[in-house]
Amino acid sequence: MMPDFLDPVALLDDAAERLEQARKLEDVEAVVRTTARRLVQADGATFVLLEGDQCYYADEDSMSPLWKGQRFRATECISGWSMFHHQTAVIPDIRYDERIPQAAYQPTFVRSLIMAPMLAPKAVGAIGVYWARWHSGTDDEVSVLEKLAELAGQAVERFPHGLPDPGFQI
């Protein structure tokens, strides 16, 4: 059971325990998407898996639908960029970042985001969090999302569906 308060350490400890107990990939997705959104008080969160050369937006917890169930070329989306570069992307205003596919974001509420890669040690996916307003991610927000991504990457490794095609290297 997740704590009702927003203590990042307690939320991460709870997530670690629930990820360890996960019996299927969908359990991992549920823990990560809800924990990510709560950790940084975002308007939305997504759980992305790397599948071959595609980023699969497997699950989300959001104030309105985003990209759940859709696939994008890893070379053409911010989650792929984050995985390729093994870096967390912090984007205060998506309108001014060339890594953002504007056509995909225009119909959504998203104005700001943080995307953290799940590395185990190779990229297996990413966690994205979104805000409907301008938001410059803080060092603390980046740190807790990266910790959650580390835990999630370890959990995803237990489920072969979440692993990238061996022919595609990041």
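**Close-up A. His86 is partly exposed, with a relative accessible area of 38%.** Buried stands for under 20% relative accessible area, exposed for over 50%, and partly exposed for values in between, with a 1.4 Å probe and protein chains only. The model shown is predicted: local features need pLDDT of at least 70 and side-chain atom pairs pLDDT 80 or more, while totals for chains, interfaces and linings use all residues. Residues are numbered from 1 along each chain as its sequence is written, and side-chain values use heavy atoms, with hydrogens and water left out. His86 lies in the loop between helix 3 and strand 4 (89-91). Helices (H or I, at least four residues) and strands (E, at least two) are DSSP runs, numbered from the N terminus. The phi angle of His86 is positive, at about 50°, although the residue is not a glycine.

**Close-up B. Gln41 occupies the loop between helix 2 and strand 1 (44-51).** Phi of Gln41 is near 50°, a positive value in a residue other than glycine. The relative accessible area of Gln41 is 53%, and the residue is therefore exposed.

**Close-up C. The peptide bond from Ala120 to Pro121 is cis.** The omega angle of this bond is near -15°. Pro121 belongs to the loop between strand 5 (112-119) and strand 6.

**Close-up D. Met83 is a buried residue of helix 3 (residues 78-85).** The relative accessible area of Met83 is 0%. Along the chain, Met83 and Lys122 are 39 residues apart, while their C-alpha atoms are separated by 8.6 Å.

**Close-up E. Arg133 lies in the loop between strand 6 (123-131) and helix 5.** The residue is partly exposed, at a relative accessible area of 43%. Arg133 and Arg111 are 22 residues apart in sequence, and 5.5 Å separates them in space, C-alpha to C-alpha.

Close-up F. A salt bridge is counted when a side-chain nitrogen of Lys or Arg is within 4 Å of a carboxyl oxygen of Asp or Glu. In general, side chains of opposite charge can pair when their charged atoms come close. Arg18 is partly exposed at 24% relative accessibility, whereas Asp14 is buried, with a relative accessible area of 10%.

**Close-up G. Arg33, Asp59 and Lys68 are linked in a network of salt bridges.** The side chains of Lys68 and Asp59 meet at 3.3 Å, N to O. Asp59 is buried, with a relative accessible area of 5%. Arg33 is placed in helix 2 (residues 25-40) and is partly exposed, with a relative accessible area of 22%.

**Close-up H. A salt bridge joins Glu150 and Lys147 in helix 5 (residues 139-156).** The closest N and O atoms are 3.8 Å apart. Glu150 and Lys147 are three residues apart, about one turn of the helix. Glu150 is partly exposed, with a relative accessible area of 39%, and Lys147 counts as partly exposed at 35%. A search of the whole structure finds 11 salt bridges.

**Overall view. The chain comprises five helices and six strands.** Along the sequence, these elements follow the pattern α-α-β-β-β-α-β-α-β-β-α. The radius of gyration, taken over C-alpha atoms, is 14 Å, close to the 15 Å that the globule rule gives for 170 residues, so the chain is as compact as a globular protein of that length. The globule rule is 2.2 Å times the number of residues to the power 0.38. The C-alpha atoms fill a box of roughly 40 × 40 × 25 Å, taken along the principal axes. Of the 170 residues in the chain, 52% are buried.
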